[in-house]
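Subject: Structure handover

Hello,

Please find the structure below.

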Amino acid sequence: MTHTPIAIIGAGVAGLAAARELSDTDYIIFEKSRGPGGRLASKRLNDLRADIGAQFFTVRDPRFEETIALAMDAGAVQPWAPRMGTFQQSRAVASPDTQRRYVGTPYMNALGRFLAQSVEIQTEKRIAVVNKDGDRFILTTTAGDRYTADQVLITTPVDQMSDLLVDFDIDEITQKFTMAPTWTTVVSASEPLVTDDGGMIDACFGGDHPAFDFISVEHSKSGRNSDLLVIHSTSDWTTTYLETDPKWVAQEMSALLNDTFNIQSNPVVSHRWRYARPTDPRLTAQKGIYQIDSGLWIAGDYLAGGRVEGAFLAGIEAAQRLQRV
Ligand code: FAD
Ligand code: NAI
C-alpha cells in the first residue's frame, strides 16, 4: 500500500489550489477524470469546442488576482467584456455593467490546466471510499487499489463527498449544504442576439426567466471562432426535466432561444450537471472549508458561494490548515 502524508481527492479548482499551496509537502492528488479542471469544462464537438461548465469568473480577492495575473501572462486567461443583457418579465433587455470578468483561453479549462502545471495528478483514479484505521486514513479506488494517508482533503461536490464518507458522521453538512443541477445546451446560430430594446448582446443573465439562467455567445470570448452559443437552464427548469432525453432538452432549449430572439439556432448537444451549484449560494462555511474529523477536511465551491474564486480560496485555506498539523 502506498502511503502519503496528504491525500487530495479531486483536481478541480479547489483541489489544484490546495496542491499548489502544498508544493513543499508530499501529497497525492486523485482525479476520476482524464484531466484537471472539474466544472471548468469544455466539450469537443467535431472540429469545434465549447465551454459547457463555468462561462466566466470574477476576481475580488488579491490572492486570486495574483494567480490570475500569472495565468494571463501565460496566455491561459483573458478579460471578457460582453455586451450584457438580462431578462425582465421574460423579455431580453440590455443590462450593461462595469464588472470585470475573465475567461480561460482558448477554453475555460485552460485555467485548470494552468493551475495544474506544477501539480502531478493521478488521473482516472476514482476514490470509492475513505475509511479510518487508527490515526491513518485508507483510501480505496474503484479499481481496488489502496492508499494510506495521515490527512485527507476532499474537494468533490457534496453528494460525491458523502458517497466516500459512509463511515463518518456528516449529516450536519449534507443537510445544510445541498447542490442543484443544471442542463447546459450548446446550439449553433449565425444570427446575433438582439434584445427587445434593439441592442446586440454577447451574453445574457437569466433575470426572472423561468428557463434561461445564462446565455453566452462563444465567439465573444477571446480565442473562440465558432457560431456556438451556450445556454444554462435554471435549476428549477433542470430539476423538472432532469431525467429527460438530452436530445429533447437540446431541441427544447434551441426552440425557446429561437422564439425569444427571433433567430434560427440549431441544437448541438445538451449536458446534464447533476451537481452544478449550491442550492443557496449565500450559505457558506467559514473560509469555504470544514473539518469532518481530525485530519479529514472538505473544501469546495459549495461551501464558498458557488464561484470559481470561492473554490480557489477554499483550496488555499484547506492547504494551510493541513500544513499546520
Ligand atoms: P469541481 O470543479 O467539481 O472539482 C471536483 C473534482 O473532483 C472534479 O474534477 C471531479 O472529477 C473530481 N472527483 C469527483 N469525485 C471524485 C472521486 N470519487 N475521486 C476522484 N476525483 C473525484 N462559477 C463561476 O465563477 N462563474 C460561472 O459563470 C459559473 N458557471 C457555472 C456553470 C455551470 C453549468 C457549472 C456546473 C458551474 C459553474 N460555475 C461558475 C461554478 C464553478 O464551475 C465552480 O465553482 C468551480 O469550478 C468548482 O470547483 P471545485 O474544485 O470546488 O469543484
Ligand atoms: P457576476 O458578478 O457577473 O454576477 C453575479 C450575479 O449578479 C449574476 O448571477 C446576476 O444575477 C447578477 N448580475 C451581475 N451583472 C448583471 C447584469 N449586468 N445584469 C443583470 N444581472 C447581473 O459573477 P459572480 O459573482 O462571479 O457569479 C458567478 C456566476 O456564476 C453567477 O452568475 C452564478 O449564477 C453562475 N453560476 C452558475 C452555475 C450554474 O450551474 N449555472 C453554477 C455556479 C455559478
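Which residues line the second largest pocket? They are Ala17, Arg20, Glu21, Arg63, Glu66, Thr67, Leu70, Phe312, Ile316 and Gln320. (On a 1 Å grid over the protein atoms alone, a pocket is an open set of points where a 1.4 Å probe fits, with protein on both sides within 12 Å along at least five of seven lines; lining residues have an atom within 4 Å of a point.)

This is a predicted model, in which local features need pLDDT of at least 70 and side-chain atom pairs pLDDT 80 or more, while totals for chains, interfaces and linings use all residues. Residues are numbered from 1 along each chain as written, chains are lettered from A and ligands numbered from 1 in written order, and side-chain values use heavy atoms, without hydrogens or water.

Helices H1 (13–21), H2 (62–73) and H8 (308–323) each give two or more residues to the lining of the second largest pocket; H2 gives the most, with four. (Helices are DSSP runs of H or I, at least four residues, numbered from the N terminus.)

Around ligand 2 there are 16 residues, of which Thr58, Arg60, Ser95, Asp97 and Thr182 come nearest (a residue counts if one of its heavy atoms lies within 4 Å). Polar contacts are pairs of N or O atoms within 3.5 Å. A side-chain N or O atom of Asp97 is 2.6 Å from a nitrogen of ligand 2. Oxygen atoms of ligand 2 lie 2.7 Å from a polar side-chain atom of Thr182 and 3.0 Å from a side-chain N or O atom of Arg307.

Regards

Methods: A polar contact is a pair of N or O atoms within 3.5 Å; within protein, one must be able to donate a hydrogen and the other to accept it, and residues adjacent in sequence count only if both atoms are side-chain atoms.
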